[in-house]
Amino acid sequence: FKHFRKLLWLDLQKNQLTSIPPALRNTKSLTLLNLNHNNVTSIESNAFGNNPSLTQLDLNFLDKLSVVADCAFCGLTGLKVGFKKRRDKVIFLAYI
């Protein structure tokens, strides 16, 4: 994504991702990221890098997600809403 310096929204839902793509760490202009309905099993520390522009992070229906590392969302100083829904409940990850 390094050539997309003005990328604001990125919708990666339903792409059968098993992890957070490392390239997302370099998307400084991104304001909305949708990772809904993927096969992500864990979110590692600093998974999203230092991205102060990201205000909305959608992690809905990541049914295989079982591990969220300490500092997984560090560097997301502009994050307003981040949440994960499972089929029958909502797990609130961040609201700043």
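R25 is partly exposed in this predicted model, with a relative accessibility of 26%. The side chain of R25 meets that of E44 in a salt bridge, at 2.5 Å from N to O. R25 sits in the loop between β1 (9–11) and β2 (32–34), and E44 in the loop between β3 and β4, so the pair ties together parts that are 19 residues apart in sequence. E44 is also partly exposed, as its relative accessibility is 48%. The count of salt bridges in the structure comes to one.

The protein chain contains seven strands and zero helices. Read from the N terminus, the order of elements is β-β-β-β-β-β-β. Of the 96 residues in the chain, 38% count as buried. The accessible surface is about 5,900 Å². Carbon and sulfur atoms account for 54% of that surface. Among contacts between residues at least 6 apart in sequence, 45% join residues at least 24 apart.

The average pLDDT is 83, and 81% of the residues score at least 70. Strand β1 has the highest confidence, at a mean of 96. Strand β7 (residues 90–95) has the lowest, at a mean of 50. Where pLDDT is low, the predicted coordinates should not be read in detail.

One aromatic pair is present. The partners are F48 and F73, and their rings are stacked. The ring centres lie 5.9 Å apart, with 10° between the planes. The angle falls under the 30 degrees required for stacking, and therefore the pair is not classed as tilted or edge-to-face. F48 belongs to the loop between β3 (42–43) and β4 (56–58), while F73 belongs to the loop between β5 (67–68) and β6 (81–85). The pair therefore ties together parts that are 25 residues apart in sequence. F48 is buried, with a relative accessible area of 2%.

F48 is also among the residues touched by I20. I20 lies in the loop between β1 and β2. Its relative accessibility is 10%, so I20 counts as buried. Beyond residues up to four places away in sequence, I20 touches L35, V40, I43, A47 and F48. A further distance was computed from I20 to N38. These two residues are 18 apart in sequence, and their C-alpha atoms are 9.8 Å apart in space.

The loop between β3 and β4 also holds N51. N51 counts as buried, at 2% relative accessibility. With residues up to four places away in sequence left out, the contacts of N51 are T27, K28, L30, G75 and L76.

The structure holds one disulfide. C71 and C74 form this link, with their sulfur atoms 1.8 Å apart. The torsion about the S-S bond is -125°, and the link is left-handed. C71 is partly exposed at 35% relative accessibility. C74 is partly exposed as well, with a relative accessible area of 31%.

C71 has a positive phi of about 70°, although it is not a glycine. A positive phi also occurs at H37, at about 55°, and H37 is likewise not a glycine. Most residues other than glycine have a negative phi. H37 is located in the loop between β2 and β3. With 36% relative accessibility, H37 counts as partly exposed.

How values were computed. Residues are numbered from 1 along each chain as its sequence is written. This is a predicted model: local features need pLDDT of at least 70, side-chain atom pairs count only at pLDDT 80 or more; totals for chains, interfaces and linings use all residues. Side-chain values use heavy atoms; hydrogens and water are left out. Rings of Phe, Tyr and Trp (its six-membered ring) pair if their centres lie within 6.5 Å; planes under 30 degrees apart count as stacked, over 60 as edge-to-face and the rest as tilted. Helices (H or I, at least four residues) and strands (E, at least two) are DSSP runs, numbered from the N terminus. Buried means under 20% relative accessible area, exposed over 50%, partly exposed in between (1.4 Å probe, protein chains only). A disulfide is a pair of cysteine sulfur atoms within 2.5 Å. Contact means heavy atoms within 4.5 Å. Accessible areas come from the Shrake-Rupley method with a 1.4 Å probe; for residues, only the protein chains shown count as cover. A salt bridge is a side-chain nitrogen of Lys or Arg within 4 Å of a carboxyl oxygen of Asp or Glu. pLDDT is the predictor's confidence in each residue, from 0 to 100.
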